[in-house]
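Reader: Let us go through this model by question and answer. Where shall we begin?

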Amino acid sequence: LAIGWIEVVAAALFMVPATVRVGAGLLLTVLAAATLIHGAMHQFRADLVIDMLVVVLLATIEGRRRVSV
């Protein structure tokens, strides 16, 4: 439950342009933790994790590009 709330806060931070980097870092950390936890319980869905990681990384890169222009 705690990881879920951290993910909600991270997603909210990720949506605000001034805190995109902090939110992205938290989201990636939460996704890594969720991957480990679900993998240990044999409930791993690699396709979903990879999709989420790609979205967060691409959005972060795009956000940096737009801010620096």
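Author: Start with a term: contact means heavy atoms within 4.5 Å. The model is a predicted one.

Reader: Among contacts between residues at least 6 apart in sequence, what share joins residues at least 24 apart?

Author: Take the contacts in the protein chain between residues at least 6 apart in sequence. Those that join residues at least 24 apart make up 43%.

Reader: What pattern does the protein chain follow along the sequence?

Author: The protein chain has 3 helices and 0 strands. Read along the sequence, the pattern is α-α-α.

Reader: Which element gives the most residues to the largest nonpolar core?

Author: The largest nonpolar core has 7 residues: Ala-10, Phe-14, Val-20, Ala-24, Leu-27, Leu-31 and Val-56. Helix H1 (2-15) and helix H2 (20-40) each give two or more residues to this core. The most, 4 residues, come from H2.

Reader: Which residues does Ala-24 touch, leaving out those up to four places away in sequence?

Author: Ala-24 belongs to the largest nonpolar core. With residues up to four places away in sequence left out, Ala-24 touches Phe-14, Val-56 and Thr-60.

Reader: Is Leu-58 buried or exposed?

Author: Leu-58 sits in helix H3 (residues 46-68). Together with Ile-50, Val-54 and Ile-61, Leu-58 forms a nonpolar surface patch with about 380 Å² of accessible area. Exposed means over 50% relative accessible area. Leu-58 has 54%, so Leu-58 is exposed.

Reader: What share of the accessible surface belongs to carbon and sulfur atoms?

Author: Of the 69 residues of the protein chain, 16% count as buried. The accessible surface of the chain comes to about 5100 Å². The share of carbon and sulfur atoms is 75%.

Note on methods:
Residues are numbered from 1 along each chain as its sequence is written. This is a predicted model: local features need pLDDT of at least 70, side-chain atom pairs count only at pLDDT 80 or more; totals for chains, interfaces and linings use all residues. Side-chain values use heavy atoms; hydrogens and water are left out. Patches are made of residues with over 30% relative accessible area and no salt bridge: like charges are joined within 9 Å, nonpolar side chains (Val, Leu, Ile, Met, Phe, Trp, Tyr) within 5 Å. Accessible areas come from the Shrake-Rupley method with a 1.4 Å probe; for residues, only the protein chains shown count as cover. A salt bridge is a side-chain nitrogen of Lys or Arg within 4 Å of a carboxyl oxygen of Asp or Glu. Buried means under 20% relative accessible area, exposed over 50%, partly exposed in between (1.4 Å probe, protein chains only). A nonpolar core is a set of buried Ala, Val, Leu, Ile, Met, Phe, Trp, Tyr and Cys residues joined through side-chain atoms within 4.5 Å.
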